[in-house]
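Have the sequence and the 3D view open side by side. Let us walk through the fold one contact at a time.

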Amino acid sequence: MKFNYKTTMFSCFVGYIVQAVVNNFVPLLFMMFQDTYGIPLSRITLLVTVNFLVQLMVDLLGANFIDKIGYRASILAAHVCSCGGFLLLAVLPEVMDPFTGILFSVIVYAVGGGIIEVLISPIMESCPTEHKEKAMSLLHSFYCWGHVGVVLLSTLFFRVFGLVNWRILALLWAVVPFLNGVVFLKTPIAPLISSGEKGMTVKELFGNKVFWLFLVMMACSGASELSVSQWASAFAEGALGISKTAGDLAGPMTFAVLMGSARVFYGKYGEKIDLHKFMVGSSFLCIGAYLLMSVTPSPYISLFGCALGGVSVGILWPGTFSRASASLPAGGTAMFAMLALAGDLGCSLGPSLVGAVSGLLGGNMKAGILAGTVFPLLLTLCLLVGFRKNKGKRRI
């Protein structure tokens, strides 16, 4: 096999599939953990929180240690942790306290997921290719396809072999980061900052007003995406009164497919599309999708709004990465780490706001979604203010 920058880009694509497995496989087993090991849901939900907090911590620390040990060593460590976490998941619950074993496994693969989130985008950005915005959009679509693949393939496995064999599936998912790590061991990885130049420090970044604007945009992008996707299944079931399986397909699966399709669309035709205009249009479309979900009386129109939300948020996260890289070319690893941190904070804040407002109003999901409209509204404001022309040139 010949290793070149095409294989590097391919490995970046698979890296986001690994990230999707890290975030979406174990939640499929929550009810099984409760039934088999007697773990209460209150403790099971802690697994999601720990996964999120560990990845946040890695985002925060990554700016310091990744540049010191190098991109290759860091991305290999990420895949070792991801693979090891799934191997441990298949073994530890049977040889020690089940919850402790599962929790330790989650922590191990969450470290890998956090490093992947910080590193994959700058590795892709460093590849010597034209139309980097297209490549970035296509890259982030693979998280969506990974999410869809994890749900569909896992569901098919459980249907054929039974849920009792979930450990075998965990071992099979461990093969993905193992093989991708082998490729990253040999494929070329270019430096993000040219030789002789020095990337910006965290202190320098936070002293830059434009960087603060990108932080807000990343937080709003993550919140706009997750506010709907995390509640899509419950919204679909509540709006149409359909089963859990149908709700998953009509809600989060449809959302993920359409979000990935929007990213593939820009990845294919991006050189013909102004990224700024596309992001502004998408943010307005996101506001419209939220309003369709929250204020229309028809459940079918509301469900259409949910699907429209997937299309609208597709470009927001990768587009912000691309614009930040173009506006702050010396941002380096620290910039990507801080942007990932802001995005993760938004991913937590958005669903939390929707859930809190819905709970305060007696489980009114539409009211919660309406409250979540604040995120695409704020993102639109950032785009309009940040991209205004100053003496004929855009600020970002």
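Start with two helices, α1 (residues 5–24) and α5 (residues 98–126): their axes come within 9 Å and cross at roughly 150°. Angles over 145 degrees count as roughly antiparallel, so α1 and α5 are roughly antiparallel to each other. The crossing of α1 past α5 is left-handed. Keep in mind that this is a predicted model.

Now turn to charged side chains. The model has four salt bridges. One of them joins Arg167 to Glu94, with N and O 2.5 Å apart. Arg167 sits in helix α7 (residues 166–186) and Glu94 in helix α4 (residues 71–95). The pair is 73 residues apart, so it links distant parts of the chain. How accessible are the two partners? Arg167 has 24% relative accessibility and counts as partly exposed. Glu94, at 45%, counts as partly exposed too.

Next, find Lys134 and Glu271. Their side chains meet in a salt bridge, 2.8 Å from N to O. Lys134 lies in helix α6 (residues 132–161), while Glu271 lies in the loop between α11 (244–269) and α12 (275–295). The pair therefore ties together parts that are 137 residues apart in sequence. Is Lys134 buried or exposed? The cut-off for buried is under 20% relative accessible area. Lys134 is at 16%, so Lys134 counts as buried. Glu271, with 39%, is partly exposed.

A further salt bridge pairs Glu225 with Arg263. Here the closest N and O atoms are 3.3 Å apart. Glu225 belongs to helix α9 (residues 209–229) and Arg263 to helix α11. The two are 38 residues apart and again link distant parts of the chain. Both Glu225 and Arg263 are buried.

Finish at α12. This helix has 21 residues. From first C-alpha to last, α12 reaches 30 Å, close to the 30 Å expected at 1.5 Å a residue. What caps the N-terminal end of α12? Asp274 does: one of its side-chain oxygens lies 2.9 Å from the backbone nitrogen of His276.

Now look along α12 for its buried residues. Among them are Leu275, His276, Met279, Val280, Ser283, Cys286, Ile287, Tyr290, Met293 and Ser294. Watch the spacing of the numbers as you go. An α-helix has 3.6 residues a turn, so residues three or four places apart point the same way. Trace Met279, Ser283, Cys286, Tyr290 and Met293, which are among the buried residues, on the structure.

Methods
Residues numbered from 1 in each chain as written. Predicted model: local features only at pLDDT ≥ 70, side-chain atom pairs only at ≥ 80, totals over all residues. Heavy atoms only, no water. Helix = DSSP H or I, 4+ residues; strand = E, 2+ residues; numbered from the N terminus. Buried < 20%, exposed > 50% of the residue type's maximum accessible area, 1.4 Å probe, protein only. Expected span 1.5 Å × (residues − 1). Polar contact = N/O pair within 3.5 Å; in protein donor to acceptor, adjacent residues only side chain to side chain. Axes fitted to C-alpha atoms, helices over the stretch in contact; angles between N-to-C directions. Parallel < 35°, antiparallel > 145°, perpendicular 65-115°, else oblique. Left-handed = near helix turned anticlockwise from the far one by under 90°.
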